[in-house]
Amino acid sequence: MQPRIEHYRGREPSYIKHIFLNRYLEAAAFKLLQPRRGTPVFNFVDAFAGPWRVSDSEDFSDASFSQALATLETVRRQLTRMGRPGLRVRYRFCERDPDAFVKLRRFAAERPEFDIQVFKGSFEDNIDRIAAACRDGFTFTFIDPTGWNMESEKVFAFLKRLNGEFLFNFMSEGINRHAGWDGVSESFGRFLADPDWEREFRKLSDDWSNEGKVLHLLKTKMKRASIATYLPEMAILRPRDNRVKMRLLLGTHHVRGVEVFRTVQKNVETTAVSTRQDVKAEKSGQPFLFPSNQLAEFEAARDGVGCPVHRTRASNLLLGIVAKSPGIGFERLSGAVMEEVPVRATDLNRIAMELHKTGKIGFELPVRKRMPIPETRIWPAAPDQPDLRIG
Ligand SMILES: C[S@@+](CC[C@H](N)C(=O)[O-])C[C@H]1O[C@@H](n2cnc3c(N)ncnc32)[C@H](O)[C@@H]1O
């Protein structure tokens with residue numbers, strides 16, 4: 001379901017956040033329906049559900065839980081019409097604030113046709129109950145805390161127990177502003193699942209922003225906790241000054257998840273730019289020379305997913321990885337590059353073919369294939385290497 005921009009005045013980044021969440025959920029639910037035995041079960045966990053600062057206090061159509069429910073229900077119906085019935089969706093929502101919880105419970109009570117369970121109190125205190133309520137199937141967890149107020153160790157334990165993926169909203173702006181302040185030392189320790197986080201923080205380069213350092217520490221912890229193999233991210237900017245407000249992080253063990261993330265990012269980025277332009281135009285009272293959708297196209301060509309700058313970065317990174325891990329499979333290589341750099345699988349196929357043609361990497365194309373397949377082994381084209389180039 002497309003959120004309605006008029007409900008998001010003054011909080012446009014949340015509009016983009018919800019569009020991203022919807023598109024990713026849609027793709028993830030369709031993916032689950034790839035041929036498999038038994039009835040596929042999709043658990044959607046909104047761990048920090050709200051409602052929070054919504055405009056639509058009747059239907060909560062501008063809250064993540066309501067957006068997710070509408071999106072997944074549309075997918076379920078679409079699949080049924082396409083002759084693929086049977087997707088079961090469970091909704092598990094948790095909220096700590098008592099007033100917000102009452103609203104959440106009302107939302108659930110008004111929709112008895114859905115399998116919704118609501119949990120009162122902090123997510124960290126409800127982990128066992130929520131995990132038990134998602135006992136089988138694929139679990140997608142949306143983690144959208146207020147700032148950095150979260151006990152990551154417990155949240156990581158939850159994510160580790162379940163088979164699935166998560167989308168994490170990293171609140172860059174607030175974290176950036178507070179990271180150097182003594183008063184937050186303890187709460188950052190809980191957020192980073194490390195009371196000694198400052199020791200590691202201080203070792204990082206002064207060229208990095210505070211939020212860049214905290215994000216790096218968080219991602220390192222997430223990988224160490226084995227809750228994700230890949231953690232691609234996308235920044236969402238404030239419309240007024242184009243500063244990073246938040247970053248959406250996907251946690252997945254699958255290259256396919258990274259691929260879908262970058263495709264969704266590509267689709268969402270034009271909406272993000274035109275939304276920011278519209279806000280700026282409205283605030284300044286001056287119309288822009290170009291319509292916002294055209295500006296969005298310019299911006300995407302300059303620094304969007306798969307733009308020349310990112311393709312060059314991806315190409316260099318790919319060469320670096322192949323040099324360190326000669327013979328690496330193309331799927332693993334693609335996952336590592338797409339995690340770091342906003343490019344899609346189609347960009348990477350072209351990059352690999354180009355590097356192959358110019359002799360910078362070597363691989364054998366399988367019979368009747370025009371691109372490397374996931375299992376294709378990629379080698380650096382060193383002089384003492386057997387020449388695996390074709391053509
Ligand atoms: C940023 S808001 C969520 C917004 C919502 N995900 C959306 O996009 O519409 C965070 C919510 O989490 C709640 N909250 C804060 N700490 C929590 C915790 N430890 N466990 C569960 N809920 C919490 C807050 O009361 C607030 O409603």
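This short talk walks through one predicted model, from its domains to its core, its strands and its ligand.

Hi everyone, and thanks for coming. Let's start with the overall layout. The protein chain is divided into domain 1, residues 5-283, and domain 2, residues 308-380. Their C-alpha centres lie 30 Å apart. Where the domains meet, ten residues of domain 1 are in contact with nine residues of domain 2. On the domain 1 side of that meeting place, you'll find five nonpolar, two polar and three charged residues.

Now, let's look inside. Here is a general idea to keep in mind: in soluble globular proteins, nonpolar side chains tend to be buried together. In our model, the largest nonpolar core has 102 residues, and Tyr 24, Leu 72 and Phe 93 touch the most other members. Which helix gives the largest share of this core? That is α1, residues 12-32, with nine residues. Both domains take part too, as the core draws at least three residues from each of domain 1 and domain 2.

Let's zoom in on Leu 72 for a moment. If we skip its neighbours within four places in sequence, Leu 72 is in contact with Leu 25, Ala 29, Phe 42, Phe 44 and Val 89.

On to the strands. Strand β1, residues 41-46, runs parallel to β4, and five bridges join them. One example is Asp 46, whose bridge partner in β4 is Phe 142. β4 is also joined to β5, residues 164-170, again in parallel and by five bridges. There, Ile 143 has Phe 168 of β5 as its bridge partner.

For contrast, please find the open sheet of three strands, ordered β8-β10-β9, where the pairing is antiparallel. Its edge strands, β8 (328-329) and β9 (361-362), each pair on one side only. Two bridges link β8 with β10, residues 377-380, and Ile 328 has Ile 378 in β10 as its bridge partner.

Last stop: the ligand. How many residues surround it? There are 19, and the closest are Phe 48, Ser 64, Arg 96, Asp 97 and Ser 122. Strand β2 (88-95) and helix α4 (123-132) each supply at least two residues of this shell.

Methods. Residues numbered from 1 in each chain as written. Predicted model: local features only at pLDDT ≥ 70, side-chain atom pairs only at ≥ 80, totals over all residues. Near = placed C-beta within 6 Å. Helix = DSSP H or I, 4+ residues; strand = E, 2+ residues; numbered from the N terminus. Core = buried A, V, L, I, M, F, W, Y, C linked by C-beta atoms within 7 Å. Buried ≥ 20, exposed ≤ 12 C-beta atoms within 10 Å, placed from the backbone. Domains from an automatic or database assignment. Contact = placed C-beta atoms within 7 Å. Pairing = 2+ DSSP bridges. Nonpolar A, V, L, I, M, F, W, Y, C, P; charged D, E, K, R; others polar.
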